[in-house]
Amino acid sequence: MRIVLLGAPGSGKGTQSQRLVERHGIPQVSTGDLLRAAVAKGTALGLRAKEAMSAGRLVADEIVLGMIRERLADPDTRGGFILDGFPRNLAQARALDAMLREVGQPLDAVVQMDVDYGELSRRISGRRTCSDCGRVVNLLTTPAEAERELCPKTGKPHRLFQRPDDNEATVAERLKVYEQQTRPLVDHYRDQGLLRTIHAEGPVPEVEQRLEAALAASRASAATRRD
Ligand code: AP5
């Protein structure tokens, strides 16, 4: 399936994408991860992206679209993909529509993950990432899991760090940008008959079940459209 997960910062797009990867064997394409990798490498593109990311603004469309075009040309995306954090504004959504039309591989589902703003802030302030294996945990929402787990790479407790853009001022800006630039995509995809919305609060496995149910409903509608 070709899937877009749409949702505010902290809504659980990355968490649920990883579960979809494990269950369905299709890759997660996260523009946030691709950009953070470019920043870590110190490439010219990374340096340009870093400034916008630190301020909580969107990175220029031309940079993000170039990265997506390259990534979607990789052979592992032929059987489908999960777009996490892309598209982020109408220009990106229209460019993606055109890109997929060119290769005759339209989106199958767009799922909006709905989470209350208070819960988003709690999740973001408790989020930590393991610097060895990249696993994302949460010290506030799932503390027992964060403490219990060992890093699969080192066999020792995770070495956790906080993302530099997970500070109060940057998060406020990211939420504002989401409302102004990303939320309009809800109407864009509703008009295309692709949008499903799930309540994305509660235990991760429960959200996962709601997501799977939404994807199954999308598959059924796509089959009806084809018949
Ligand atoms: P990006 O990395 O995409 O960040 P984001 O959209 O702000 O999303 P997050 O990663 O914050 O949240 P998430 O929804 O993945 O939640 P997660 O699963 O981690 O983008 C970062 C920056 O890069 C942007 O600000 C921008 O500058 C730039 N950028 C990226 N894409 C771009 C684009 N297309 N165009 C332009 N610029 C772009 O969950 C959050 C926490 O909650 C975790 O700790 C998790 O363990 C926990 N959690 C998850 N689910 C649950 C649950 N059900 N219950 C309790 N806790 C939960």
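Contact means heavy atoms within 4.5 Å. The model is predicted, with local features needing pLDDT of at least 70 and side-chain atom pairs counting only at pLDDT 80 or more, while totals for chains, interfaces and linings use all residues. Residues are numbered from 1 along each chain as its sequence is written, and side-chain values use heavy atoms, leaving out hydrogens and water.

**Exercise 1. Determine which side of helix α2 is buried and what it packs against.**

Solution. 
1. Helices (H or I, at least four residues) and strands (E, at least two) are DSSP runs, numbered from the N terminus. Helix α2 spans residues 31-41.
2. Buried means under 20% relative accessible area, exposed over 50%, and partly exposed in between (1.4 Å probe, protein chains only). The buried residues of α2 are Thr 31, Gly 32, Leu 35 and Ala 38.
3. These residues lie on the same side of α2, because they cover an arc of only 125 degrees around the axis. The arc is that of the directions from the helix axis to the C-beta atoms.
4. The face turned away from the buried side carries the exposed residues Ala 40 and Lys 41.
5. The packing partners of the buried residues are β2 (28-30), α3, α4 and β3.
6. After α2 comes Gly 42, with a positive phi near 70 degrees.

**Exercise 2. Describe the largest nonpolar core.**

Solution. 
1. A nonpolar core is a set of buried Ala, Val, Leu, Ile, Met, Phe, Trp, Tyr and Cys residues joined through side-chain atoms within 4.5 Å.
2. The largest such core has 29 residues, and those with the most contacts inside it are Leu 83, Leu 96, Leu 107 and Tyr 189.
3. Elements giving two or more residues to this core include β1 (2-7), α5 (90-102) and α9 (184-191). The most comes from α4, with 6 residues.
4. Leaving aside residues up to four places away in sequence, Leu 107 touches Arg 2, Val 4, Phe 81, Leu 96, Leu 100, Tyr 189 and Leu 194.
5. A second, separate core of 21 residues includes Ile 26, Val 207, Leu 211 and Leu 215.
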